[in-house]
Amino acid sequence: MRNILSFVVFAVAVILLSIVVASPTSSPWKYNSLVSSSPSSDTPFFREDFYADTCPGVETTIRSIVIELFVNDSTIAPALIRLVFHDCFIGGCDGSVLLNSTNGGEAEKDVIPNQSLKGFDVIEEIKSRLEAVCPNIVSCSDILVLAARESSGGPFYELRTGRKDSRTSYPPTALNEIPAPTDDLDTILAKFSDRGFSTSETVSLLGNVTTIT
């Protein structure tokens, strides 16, 4: 049973990290300290082992930190997978879900579908440790997708890195487009279909992630 669940989480992670969607309309919500102010992914290159020269061993470091934290709290694995899902579903895997609100308004992380998200502290912990050895190099969006991969429990798979962190947040888009518990089946399937998911992929994703969380 454990192996089946691990494979399911692995498959889900692959699907999520493959999402490619257009960025929604800009909003007034800006980046904060959790998101890199000078990410190395400003360059146009997006490839495997992007940080080989600028922060060698970053993926191994993230793997070690996730394992260390998982030993003390096994709930971080599904939390990180759900976090990357909600990030990638809106505007692509750009870290926008990590942004805090400003000027007393809502950020993407504050809207109803995201209010139960967890794992922000894990990304902050990883970012803090990486900053000590590779300051202003590794983007938070890359940290999030790499940490989610390490949480999948399935076979290792390569990920391209070099993402640029978003400096805007999209609360209205998140509120309207992330599947909500109150959505009926047709609405949920339509939201996933808009992002290229088949019906079977949607059912597998929602059913199995709900089961293990």
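A salt bridge (a side-chain nitrogen of Lys or Arg within 4 Å of a carboxyl oxygen of Asp or Glu) is formed between Arg63 and Glu150, whose closest N and O atoms are 3.0 Å apart. This pair links distant parts of the chain: Arg63 belongs to helix 2 and Glu150 to helix 5, 87 residues apart. Helices (H or I, at least four residues) are taken as DSSP runs and are numbered from the N terminus. The structure is a predicted model, in which local features need pLDDT of at least 70 and side-chain atom pairs count only at pLDDT 80 or more, while totals for chains, interfaces and linings use all residues. Residues are numbered from 1 along each chain as its sequence is written, and side-chain values use heavy atoms, with hydrogens and water left out.

Accessibility was classed as buried (under 20% relative accessible area), exposed (over 50%) or partly exposed (in between), with a 1.4 Å probe and protein chains only. Arg63 has a relative accessible area of 25% and is therefore partly exposed. Glu150, with a relative accessible area of 18%, is buried. When neighbours within four places in sequence are set aside, Glu150 is in contact (heavy atoms within 4.5 Å) with Arg63, Val66 and Phe156.

A salt bridge also joins Arg149 to Glu59, with 2.8 Å between the closest N and O atoms. This pair, too, links distant parts of the chain, with Arg149 in helix 5 (residues 140–151) and Glu59 in helix 2 (residues 58–72), 90 residues apart. Both Arg149 and Glu59 are buried. Glu59, Arg63, Arg149 and Glu150 are linked in a network of salt bridges.

A further salt bridge was found within a helix. The side chains of Glu131 and Lys127 meet at an N to O distance of 2.9 Å. The two residues are four apart in helix 4 (residues 120–133), so about one helical turn separates Glu131 from Lys127. Glu131 counts as partly exposed because its relative accessibility is 24%. Lys127, by contrast, has a relative accessibility of 7% and therefore counts as buried.

The search of the whole structure finds nine salt bridges, among them the pairs Arg63 and Glu150, Arg149 and Glu59, and Glu131 and Lys127.
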